[in-house]
Amino acid sequence: MTEPTTLSPAYRAGELSRDQWAAHADRLLAAVSPFTSPGGALVTLPGVEGGYGRAIDGLEGFARTFLLAGFRLVGERGEDPHGYAERFAAGIATGTEPSSPERWRRLSEHGQAKVEAASIALMLDMTRPWIWDRLDARVQEQVVDYLVEAVGDDTYPRNNWVWFRLVVQTFLRSVGGPCSLNEMRADLATHDSYVRADGWLADGADRSYDHYNGWALHLYPTLWARMAGAEDLAATRRAQDAERLDRFLHDALALVGGEGSPLLQGRSLTYRFAAAAPFWVGAMAEVPTHSPGRLRHAASAVVGHFASHGAPDDDGLLTLGWHHAWPRIAQSYSGPGSPYWASKGMLGLALPADHPAWTAPAEPLPVQEADVLRAIAAPGWIVSGTLADGVVRVVNHGTDHALPGDDVGDSPLYARLGYSTATSPWLDEESWASPAEQSVTLLDAAGNASHRAGFEVLRAPQVEGDAAAAVGVAASRAHARWLDPEPGQRDHGSGRRGATTPAGTLTTVSMVRGPWEVRCVRVEDVREGAAPVALRLTGWPTVDGDGLDSRLAPLVGSWTGGTATRDGASPLGDGARVPSLDGAVEPGRWLAALLTLRRTTPDPAAEQPATCTLDGTDAVVRWPDGVTTTTRLV
């Protein structure tokens, strides 16, 4: 395998062989070997101790690398030149031995053990002939005793965690251990309650849409249905689950950038190329409308993007970060072993070499074929991808990791108005307290920006007009407030809680076309005594050397332009900056600005200044490419 920073363009094109994928996996597994405890039960990787302590760090490192080793064993039908079966069997025996100094924290001792137990149970099922069936009876009993605490435990959070209890109980059922069919059926019903439009699922009751759709909520149904203890329960579900996955992939494929980057949005971004998992799951499930060659190419593009940008690092390790180590990207549950959930993105190695996912010709991503403009109903996103530079943008009027009407702060990972495959939200502490990039806010006298989480959706995203003059449209209304965050909050990705002060009501309408968005804004009222000093619009964030052109130009209203800069705010690099416009607070008046994000240099002869006319009902926009559109405001 070539060094991770020098992968050939063929890797990005999805043309590397399965042998080269396997070599990449073997390099990852070899790199963690020196950090394995003497008995094999703990893989404690270098770095600052995670928020749950070293014992959990070691368990995570074991369970998540076991995923990768298990995929290798299954895809090779048990051929094991690297001794993975023996290596991980020894760790299982040691970790489940109650008197061992390396024993795993039990499920009743720490919640995170419930997550890792599911990976262990899943891999024991998938690799059954080569590991479980060869464990002696005493060790098998230890494993059952370790996992059985999942039965009757009603403390699993009601989100993607329902699959952790279900997978463990399914394995226990397959080996004659204790289980509760009522709990298993209840977990399936809970999962079904999260189903939303077009194959999307919410990660819980909140408007929580992120990569967990692909690397958890669509991954587990397909893998679980193949478990030995799931056959009867899965029989009536397989077709529907595959249909949902097939529809979700229609959108998921369009959200991968032309250079292979996933969308930088949502929590647990340090899992990186786990974002490739749904494409392999689609190939496993044999979804009808996406070719195995396209699905493999999408997975290759994602894994290749990270490999060519420093992940894994020169030592073959995955650190807390995005491209390179950047610990601030972690949530409070993250430790040095957490990034190895990225193993899910290499699920394709569980498919044998003669599977169509490996033999079919590669087919390009949607943004590698043509410009993309579509509306995704469930998360409330307008998606715009441009063939010329491969950038995929999302304008967000439906996701905030909150419930409508919630009085919480904005999470930079969820509640911003825009995300892309080329930019990152600012993730420094100041940006959690006072929204900076991709926002419409009211400023108080101290310069604090208001929050919008809990906003009302006014217009679900849709694409209007014919192909030549298509425009994506969405709108929302926010009851803006300033936040004084409570100190010492643990970060699970949600917005901060604290005392809030009402500021006013903001209505925002987005019209999207190519690399542009026309953003129309109206202050509808100002709360008595609030006295905001300015209305602020901010654009796309960039960093030094990224080659991006981010602009924010006034169209309607009197604005003062500026640029905010900050160190240490972005995992993509130094010199983080974002353009801004400040205007007077004029309740009842519509204002507008043009946002631009692109990597290409425009031809001055091919573009003209954009204009926007607002009459209180419609917005008439002449776009830089000369096309004119008319859009109802609200």
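Predicted model: local features only at pLDDT ≥ 70, side-chain atom pairs only at ≥ 80, totals over all residues.
Biologist: Where should I begin with the core? Which residues have the most contacts inside the largest one?

Modeller: Think of a nonpolar core as buried nonpolar residues joined through their side chains. Here the largest has 137 residues, and W224 and F279 have the most contacts inside it. Helix α3 (residues 54-75) gives the largest share, 11 residues. Apart from this core lies another of 23 residues, including V391 and W540.

Biologist: What is F279 in contact with, beyond its neighbours within four places in sequence?

Modeller: Leaving those neighbours aside, F279 is in contact with L249, A252, L253, V256, L295, A298, A299 and V302.

Biologist: And the rings? How do I read the pair F62 and F88?

Modeller: Look at the distance between ring centres and the angle between planes; angles under 30 degrees count as stacked and over 60 as edge-to-face. F62 and F88 have centres 5.2 Å apart and planes at 55 degrees, so this pair is tilted. It links helix α3 to helix α4 (residues 84-95), 26 residues apart. F62 is buried at 1% relative accessible area, and F88 is buried at 2%.

Biologist: What about Y212 and W341?

Modeller: That pair is tilted too, with 6.3 Å centre to centre and 50 degrees between the planes. Y212 lies in helix α9 and W341 in the loop between α14 and α15, so the pair ties together parts 129 residues apart in sequence. Both residues belong to one aromatic cluster, whose members include W161, Y220 and W224.

Biologist: Which charged residue lies over the face of Y212?

Modeller: R267 does, at 4.2 Å from the ring centre. Likewise, the charged end of R207 sits over the ring of F455, 4.4 Å from its centre.

Notes
Residues numbered from 1 in each chain as written. Heavy atoms only, no water. Core = buried A, V, L, I, M, F, W, Y, C linked by side-chain atoms within 4.5 Å. Buried < 20%, exposed > 50% of the residue type's maximum accessible area, 1.4 Å probe, protein only. Helix = DSSP H or I, 4+ residues; strand = E, 2+ residues; numbered from the N terminus. Contact = heavy atoms within 4.5 Å. Phe/Tyr/Trp six-rings, centres within 6.5 Å; stacked < 30°, edge-to-face > 60°. Lys NZ or Arg CZ within 6 Å of the ring centre and 35° of its normal.
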